[in-house]
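Look over the model, then read the points by topic.

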Amino acid sequence: MGFVLLLCIMKNLKKISFGLLAIMVVVLASATIIEQLKGTSFVAHHIYGSVWFVIFWAVLAIFALFYLLKMKLQRKHIVFLLHIAFLVILLGAFITWISGKSGSIHLRQGKTSNSYIQKNGNLHELPFSIELNGFNVNYYPGTQTPQDFESRIILTDSNKKTLSETVSMNNIVSFKGYRFYQSGYNNDGLGTRLSVSHDPIGIAVTYAGYVLLLLSFVLYLFGKKSRFRELLHHPLLKNAALVILLLFGTMGVRAASSNATPKVLPKDVAAEFCDLYVYYNGRICPLQTLANDFTLKLYGKSSYKNLTSEQFFTGWLFYYSSWKKQEVIKIKSKAVQKLLGIDGKYASFDDFFTNENAYQLEPELLKIFKGETVADEKGIKEADEKFNIISMLYAGELTKIFPYANSEQTLNWYATNSQLPKDLDGDTYIFIRRSMDYMREMLMKKEYSNVVELTHKLKEYQTKQAGNLLPSHTAYNAEKLYNKIDYTKYLAMLFVTIGIVGFVYFIRRLIKVKPASRPAVWAFNAIILNGFIYLTVFIALRGIVSQHFPASNGYETMQFLAWASLLASLFLQKKLRMVLPFGLLLGGLALMVSMMGRSNPQITHLMPVLSSPLLSIHVMTIMVSYLLFAFMMFNGIAAIILRFSQNKNFFPIEQLQIISQLILYPAVFLLATGTFIGAVWANVSWGRYWGWDPKEVWALITLLIYSFPLHTRSLKRLQQPMTFHIFMVIAFFSVLFTYFGVNFLLGGMHSYAG
């Protein structure tokens with residue numbers, strides 16, 4: 001009986017292996033939904049940390065190994081090594097589950113401890129003692145924004161040998177097989193909390209699996225006999241043409257409101273004033289940046305009528321009574337529009353008050369505070385935020401343009417009405433309190449040359465007080481240029497429009513079995529190259545200003561995806577002209593998505609945990625893989641349209657399949673590499689390389705889904721062009737959910753990236 005069962009299993013190894021893989025995808029997806037309903041601790045205990053879940057993975061690995069041997073893949077050394085690498089990673093995870101220990105330890109300065117609290121609440125003895133010698137919060141120069149947290153510790157073993165080390169974010173201290181990570185601190189600066197991990201074998205095995213995986217990817221992509229190399233030289237891909245070219249300018253036309261223009265400063269005077277430094281959003285930047293964000297937050301656009309953002313901002317600052325009646329505050333919520341009694345989307349500052357001078361949103365805000373249900377709570381809070389921004393500017397709280405270094409050489413920034421330090425000398429006190437009033441007096445007399453002169457004195461004061469703590473001239477000028485060249489909205493609309501037109505055009509040419517005309521190809525290349533150059537400059541400037549690779553949030557990653565899509569279309573068009581409209585469409589859509597939160601895309605200093613080069617590598621590889629998956633999705637849509645056209649020529653459909661199969665290998669390899677680089681980063685930052693966060697789980701789901709079409713030798717149905725294309729279109733929904741769905745619906749530790 002047992003022998004018959006074994007024969008039956010061996011005969012159906014393929015169905016069992018891929019069936020278990022499909023079930024695992026369903027289990028993982030279900031777990032993320034259950035987590036949203038039942039909580040993280042529930043799924044951690046009943047699913048991710050349960051015995052049945054571990055057994056499921058083990059059974060899947062065993063059947064996969066037997067299937068590999070049955071298919072005699074050991075003869076194909078690189079392919080076999082690639083699959084073995086995944087099994088080694090699973091083995092490392094199993095060892096961690098069996099023997100890994102983790103917890104936390106709280107230290108107070110000068111006190112020694114030799115134990116830590118495990119996650120289950122038990123106390124675990126350490127084979128050495130640990131003492132906190134001191135704790136520091138390091139700030140970005142001239143700001144109160146934390147750059148890093150450092151715990152200086154002393155480790156003493158049983159032989160009384162001591163070791164002094166510093167634990168900080170992204171800097172682990174290892175001792176006797178234990179690893180210490182910075183995780184928290186006491187407000188008094190005399191205590192710290194460290195995460196503790198003891199898993200020397202599990203981490204070593206897992207990292208060995210990562211190395212094997214990366215090695216096998218490289219060998220496979222460059223191996224002469226790999227399927228990827230076969231596809232690269234496929235006969236259907238030999239109809240190539242040249243790339244190149246020209247520049248093509250795009251400019252947008254600014255919309256205007258019907259209101260009469262209120263009082264404003266001359267453009268050059270407003271620009272001169274906004275050239276001052278200001279402490280804003282946790283960093284020192286040009287006042288122009290605050291003006292841009294202020295205009296965008298209130299009006300929804302970066303300029304008003306024919307006025308610059310500097311004129312808009314200084315208009316509110318110096319001519320408040322003239323501006324408060326202007327309908328420039330964008331109100332999206334219909335419920336708020338009704339509350340304010342306005343007809344359109346724009347309200348004035350006065351619209352927020354009744355005839356009796358009562359704040360119209362106050363009753364609804366009180367209901368929200370009490371936990372009561374109101375119509376469009378989000379819209380009410382957004383409108384209230386805009387009201388408060390204007391109030392803060394009018395009250396003199398928003399423009400912190402006066403730096404002062406106290407006796408301890410700590411630099412703080414103050415607004416005119418701020419509570420000033422007691423050690424301030426009389427002249428400086430009067431200068432801070434009176435300079436803006438003096439400027440208003442000169443503006444009333446239209447003495448603009450004197451206003452500019454006073455602005456220069458303010459700049460001299462800032463330079464004298466802040467000195468080397470101010471941004472470099474390169475970074476400062478880069479930010480001013482960055483603020484002025486933001487035309488991504490118009491670029492997005494242009495790309496999407498031309499992408500759709502181009503998609504229709506290229507599809508028609510494919511149906512008629514005619515190549516695209518040379519002028520059309522040149523025109524597309526000109527637009528793409530122009531957009532690529534613009535985005536390259538735009539992203540580079542943001543990187544110079546932020547002093548880190550700009551890929552730390554959803555806005556920046558979508559900008560990078562748009563840039564990468566244009567670059568990819570320039571190179572991939574050699575094999576298939578359809579990538580030209582694909583690149584424009586994807587780039588335009590990515591830019592549009594980036595602007596979903598464009599009302600608040602301020603450049604900020606990185607959180608300490610994000611200050612790691614692994615972050616940039618992780619984001620870049622993941623986003624490039626998503627880009628390639630998107631190209632395959634567009635290929636699938638094109639193939640479906642061709643399939644149901646009147647022309648029964650299937651040559652383009654097969655060609656599209658070969659293109660997608662070719663792209664699939666680097667796409668999956670990059671996704672896997674990016675995911676595991678993220679795991680290494682997590683291990684360095686938090687002490688665990690996999691925490692079953694919803695984003696991690698869905699990245700794994702996407703990886704598993706796209707692994708199916710890599711196995712067309714086993715899954716014969718996916719060899720059929722139309723089946724393959726339909727699968728690629730459906731599979732892309734997992735990518736969309738991984739990037740967007742998780743952020744908006746499931747949350748988790750990765751939600752900062754949305």
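Glu-377 and Lys-381 form a salt bridge, their closest N and O atoms lying 3.0 Å apart. A salt bridge here is a side-chain nitrogen of Lys or Arg within 4 Å of a carboxyl oxygen of Asp or Glu. The model is predicted: local features need pLDDT of at least 70, side-chain atom pairs count only at pLDDT 80 or more, and totals for chains, interfaces and linings use all residues. Residues are numbered from 1 along each chain as its sequence is written, and side-chain values use heavy atoms, with hydrogens and water left out.

**Salt bridges**

- Glu-377 and Lys-381 are separated by about one helical turn, because they sit four residues apart in helix α14. Helices (H or I, at least four residues) and strands (E, at least two) are DSSP runs, numbered from the N terminus.
- Glu-377 is partly exposed at 34% relative accessible area. Lys-381 is also partly exposed, at 44%. Buried means under 20% relative accessible area, exposed over 50%, and partly exposed in between (1.4 Å probe, protein chains only).
- The whole structure holds 13 salt bridges.
- Glu-385 pairs with Lys-297 in a salt bridge, with 3.5 Å between the closest N and O atoms. This pair links distant parts of the chain: Glu-385 is in helix α14 (residues 377–394) and Lys-297 in helix α9 (residues 287–299), 88 residues apart.
- Glu-385 is partly exposed at 36%, whereas Lys-297 is buried at 13%.
- Asp-437 bridges to Arg-434 at 3.3 Å between the closest N and O atoms. A network of salt bridges links Arg-434, Asp-437, Arg-440 and Glu-441.

**Helices α15 and α16**

- Helix α15 (residues 426–444) packs on helix α16 (residues 448–466) at about 160°, axes 9 Å apart. Axes are lines fitted to C-alpha atoms, for helices over the stretch in contact, and angles run from 0 to 180 degrees between N-to-C directions.
- The angle makes α15 roughly antiparallel to α16 (the term applies over 145 degrees).
- The contact residues divide into 11 nonpolar, four polar and one charged. Ala, Val, Leu, Ile, Met, Phe, Trp, Tyr, Cys and Pro count as nonpolar, Asp, Glu, Lys and Arg as charged, and the others, Gly among them, as polar.

**Two single residues**

- Ser-129 lies in strand β3 (residues 123–139). Ser-129 is buried, at 19%.
- Pro-515 is in the loop between α18 (488–511) and α19 (518–546). Pro-515 is exposed, at 67%.
- The C-alpha atoms of Pro-515 and Arg-577 are 8.7 Å apart, with 62 residues separating them along the chain.

Notes. Parallel < 35°, antiparallel > 145°, perpendicular 65-115°, else oblique.
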